[in-house]
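The following paragraphs lead through one protein model, from its overall make-up to individual residues. Please keep the sequence and the structure in view while reading.

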Amino acid sequence: WPAVVLSAFVLLGKPIMVVGLMGRMGYRKYTSALTGLSLSQISEFSLILAALGVSLGHIGDEVLGLITLVGLITMAVSTYLILDSHMLYAKLAPALSFCERAIAHINHKEMADDHSDVPPVEVIVFGLGRYGGRLIQNLQRNGVEVFGVDFDPEMVVQWRNRGFRTLYGDADDPELPGLLPLDHAQWVVSTLPDCVLGLTLLHTLKSHHFKGSIALTSHNQRDEQVLIDAGADLVLLPFRDAANQASHMLTSPHL
């Protein structure tokens, strides 16, 4: 019974604490819920500490056995929680709204109401790091109306303070397209090199009947072919594209 009670506390209490903390940090309930479910166990480090405690005489063998049993139970159950995390999230989502309190998540409808003269978005860029950040700067400099999406709330605020229209969001969040200004967008560009994320975003946009073109990013030609076969209109390879541009600059006559 002690093992059952402690396991229940870890399996239920730990995800709730993680969801609450991540919500206070500004993450959406989707990200918070999946993170909490993936952490719903004690780690193997607990067993190392327990073994160290036994060797030093601070705890007895019975306590070590209890910790080991709790570890086995929580690791086994959390495996199924992780595998079924998306299904569980769909059921728990209505009850998780309490965690979205830390920062204001402005969607495009609210922005349109506040700024009726704002022109429609032409390009939506996922990922505002070094590659994506430079991309939205160049697009806006060329007169393209661009909208940025990033997983990091601080990055979103940073670019918003620099005058860019941005939104906090997770690329694999199935609810995110409902917050995006997709109606007039000609391109959705993902600068995230993860092939699985790219495929998930591609599937989500198609399920929402996005009529524009989709560009995804890859760091190798194997994933490039996978993304093309899945239906991507364009696959960006930053290293290859940068090398091509560099070679063009080096062989340009004006040099």
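A residue is called buried when its relative accessible area is under 20%, exposed when that area is over 50%, and partly exposed in between, with a 1.4 Å probe and protein chains only. The model is predicted: local features need a pLDDT of at least 70, side-chain atom pairs count only at pLDDT 80 or more, and totals for chains, interfaces and linings use all residues. Residues are numbered from 1 along each chain as its sequence is written, and side-chain values use heavy atoms, with hydrogens and water left out.

The pLDDT, the predictor's confidence in each residue on a scale from 0 to 100, has a mean of 84 for the protein, and 90% of the residues reach 70 or more. Over residues 102-116, by contrast, the pLDDT is below 50; this stretch still has 23 contacts in the model beyond near neighbours in sequence, a contact being heavy atoms within 4.5 Å.

The protein contains 11 helices and six strands. These elements are DSSP runs numbered from the N terminus, helices being H or I of at least four residues and strands E of at least two. Of the 255 residues, 39% count as buried. Among contacts between residues at least 6 apart in sequence, 62% join residues at least 24 apart.

The six strands form an open sheet in the order β3-β2-β1-β4-β5-β6, with parallel pairing. Two strands are taken to pair if DSSP finds at least two bridges between them. At the edges stand β3 (165-168) and β6 (234-236), each of which pairs on one side only. Direction ignored, neighbouring strands of the sheet are turned by 20 degrees against each other on average. Several pairings can be followed residue by residue. Strand β2 (residues 146-150) is joined to β3 by four bridges, and Phe 147 has Arg 165 as its bridge partner in β3. Four bridges also link β1 with β4 in the parallel sense, where Val 123 has Trp 187 of β4 as its partner. Between β4 and β5 there are three bridges, again parallel, and Val 188 is partnered by Ile 214 in β5.

Although β3 is an edge strand, both of its faces are covered: Arg 165 and Leu 167 are buried on one side, and Thr 166 and Tyr 168 on the other. Leu 167 lies 8.6 Å from Val 157, C-alpha to C-alpha, at a separation of 10 residues in sequence. Val 157 belongs to helix α8 (residues 153-161) and is partly exposed, with a relative accessible area of 38%.

Two packed helices are described by the angle between their axes and the distance between the axes. Such axes are lines fitted to C-alpha atoms, for helices over the stretch in contact, and angles run from 0 to 180 degrees between N-to-C directions. Helix α1 (residues 2-24) and helix α2 (residues 29-38) pack at about 145 degrees, with their axes 8 Å apart. From α1, Pro 15, Val 18, Val 19, Met 22 and Gly 23 meet Thr 31, Ser 32, Ala 33, Thr 35, Gly 36 and Leu 37 of α2.

How far is α2 enclosed by the rest of the structure? Eight of its 10 residues are buried, so α2 is largely enclosed. The buried residues are Lys 29, Tyr 30, Thr 31, Ser 32, Ala 33, Leu 34, Gly 36 and Leu 37. Their cover includes α1, α4 (61-83), α5 (85-92) and the strand β3.

Helix α9 (residues 195-207) lies across β1 (123-126), β4 (187-190) and β5 (213-217), and runs at about 170 degrees to β5. Within α9 lies Leu 202, which is buried at a relative accessible area of 2%. Leaving aside neighbours within four places in sequence, Leu 202 is in contact with Ile 214, Leu 216, Leu 227, Ala 230, Gly 231 and Ala 232. Ala 232 is 30 residues from Leu 202 in sequence, yet the two are 7.2 Å apart in space, C-alpha to C-alpha.

The loop between α9 and β5 holds His 209. Most residues other than glycine have a negative phi. His 209 has a positive phi of about 60 degrees although it is not a glycine, and His 209 is exposed, with a relative accessible area of 65%.
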